[in-house]
Amino acid sequence: MGSCMGGVCGGAPNLSGEWDPVQVAAGTWFDLSGLTVYDMVQVRVLKSDRPLQIAIENGTTGKCSNRTVPAVLKKGAMPLRALVVERGKNDNVLEVNALGTRHTMPIPSSASGWVEQGFGDVRIAVRRWPWERKIATAEQLQACQLQTEELKLVGAQPFEKAVVVYKTVTKNKNMIFWMPGRNDTFMHSYVVQPLLDAGLDIYVIEHRKNGRALVGAPDGEHRLVSHVDDFRKYLQEIDAAMSFALRQKNYEKVVLYGHSTGGLEATLFLREGKARDKITHCVLNSPFLDWGEGGIQELLADNSNELNDFLKLVNVAGSLEFAVMRESVEPDHYCPGVWIQYPATDPHARTLVGEKVTWGWVAAVSAMHDALKAQTPGKVPLLFLHTDGDEILDGKELGDYARFVSSNVTKHYITGCRHDMLLNHEPEKNDEVLKLILGWLSKEGVKGPGSW
């Protein structure tokens, strides 16, 4: 039996049928077969005292045809947004709504690089990022020769599992324990060798309903990617993955790294993980420590766990666990751009279309937010990274929450990054952020032969 609340229906997921990402996306503009050529149009604001509306004239790529670009509010900031165009289909003209007035400009060819254009007091730079230019491919990821270890779960469905992705070097004495975000997977081939050269063995935990743990799971599991009604359930596989890593060597330094929801899970591990005392340093990349919705949506999300506790008292919460709060029926702004530039993205390990955000997950997130704010901050040295380019969370506000994690915090607010600050619009930004991380670790005494 399903259940509806506020027009949003729920119920247990349909676990029958295989997941076919190409077929799921077939009803949208987004062709995941790789046969359709998509370019990206990147727009950087050089001067504007208010947000701009930008769009592809007669664009054919749904939400990805139009964007809002933030105003330049800080000296040196150059907010960047990307649109998607299907090559050869209305991909020649960019519309810019500046100060209530519509302007147009030709979209430059990929050979032109950045092209600047002024509209009165507004100035922007535009370039076309061609389909053929990839930042990380599946072949490059395969060349890293990563190993995997499948973890069996107690009390789980037969198709549920967790996966540890790892690579070690004999001489390394330190390790990094990488926790991806919601609907995320480790595909960052370009960080592997620099981390190893910096003396860090690499271990990634992709827990149930996330990343490689989803490969081979039925359709319903993919649509409920990362769903959980209590984040403490993940401690089973996070503890097991950490135990697996610590059995490989007697590591001197253990760096905990978390991105987005993985950053929230990292705070849980620092508080309740079995091996939490082994953590010597922590790096958080745009951690999901607060809702970034704003207004009534954020108010509802912030209080969803208290409301859920009330619903449990009246025996309603259980039927609402799978109620869908949001569903990506059409590709959003984030996933297509990542897939176009980073085809190492495996659509069998990351739900690019069809993802459902459930009431149970929203309430579980808010419970973790409350637990974080209630805890006594730890003392583990923390590098906290956030950006003005974050389109998922409020990147500027996010820095205020670092104090709840640790009393020993180094914060860096970097302009022009994506939500995942190691999965940027430009490879140079990836290098900048990675050098910052390795430089901080080196100053903290976490380094090895060949470190940056």
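# Reading a predicted model: why these words?

Mentor: At 1% relative accessibility, T61 counts as buried. Keep in mind that this model is predicted.

Trainee: Why is T61 called buried?

Mentor: Set the value against the cut-off. Buried means under 20% relative accessible area. T61 has 1%, so T61 counts as buried.

Trainee: Where does T61 lie?

Mentor: In a loop. T61 sits between β4 (52–56) and β5 (66–69).

Trainee: What makes the pairing of T61 and S65 a polar contact?

Mentor: A polar contact needs a pair of N or O atoms within 3.5 Å. The side chains of T61 and S65 are joined at 2.8 Å. The side chain of T61 also reaches the backbone oxygen of V84, at 2.6 Å.

Trainee: Which residues does T61 touch, not counting those up to four places away in sequence?

Mentor: T61 touches W29, V84, V85, E86 and E330.

Trainee: Now the helices. How are two packed helices described?

Mentor: By the angle between their axes and the distance between the axes.

Trainee: Which residues make the contact of α6 and α11?

Mentor: From α6 come T261, L264, T267, L268 and R271. From α11 come W361, V365, M368, H369, A371 and L372. By class, this contact has seven nonpolar, three polar and one charged.

Trainee: What makes α5 and α6 roughly perpendicular?

Mentor: α5 and α6 pack at about 75°, with their axes 11 Å apart. The perpendicular class runs from 65 to 115 degrees. The angle falls in that class, and α5 and α6 are therefore roughly perpendicular.

Trainee: Which residues meet in the contact of α5 with α6?

Mentor: L235, I238, D239 and M242 in α5 meet L268, F269 and E272 in α6. The classes are five nonpolar, no polar and two charged residues.

Trainee: What is the phi of S226, and where is S226 placed?

Mentor: S226 has a positive phi of about 70°, although S226 is not a glycine. S226 is in the loop between α4 (219–223) and α5 (235–248).

Trainee: Why does S226 count as buried?

Mentor: The cut-off is under 20%. S226 has 3% relative accessibility, so S226 is buried.

Trainee: And S260: buried or exposed?

Mentor: Buried. The relative accessible area of S260 is 9%, and the limit is under 20%. S260 lies in the loop between β15 (253–259) and α6. Phi of S260 is near 55°, a positive value in a residue other than glycine.

Trainee: Which residues of α3 are buried?

Mentor: In α3 (residues 189–197), they are S189, V191, V192, P194, L195 and L196. These buried residues pack against α2 (138–143), β12 (162–167), β13 (174–179), β14 (200–206) and α14 (427–443).

Trainee: What follows α3?

Mentor: G199 does, with a positive phi near 85°.

Trainee: How many helices and strands does the protein chain have?

Mentor: The chain has 14 helices and 20 strands. Of its 452 residues, 56% count as buried.

Technical notes: Residues numbered from 1 in each chain as written. Predicted model: local features only at pLDDT ≥ 70, side-chain atom pairs only at ≥ 80, totals over all residues. Heavy atoms only, no water. Helix = DSSP H or I, 4+ residues; strand = E, 2+ residues; numbered from the N terminus. Buried < 20%, exposed > 50% of the residue type's maximum accessible area, 1.4 Å probe, protein only. Polar contact = N/O pair within 3.5 Å; in protein donor to acceptor, adjacent residues only side chain to side chain. Contact = heavy atoms within 4.5 Å. Nonpolar A, V, L, I, M, F, W, Y, C, P; charged D, E, K, R; others polar. Axes fitted to C-alpha atoms, helices over the stretch in contact; angles between N-to-C directions. Parallel < 35°, antiparallel > 145°, perpendicular 65-115°, else oblique.
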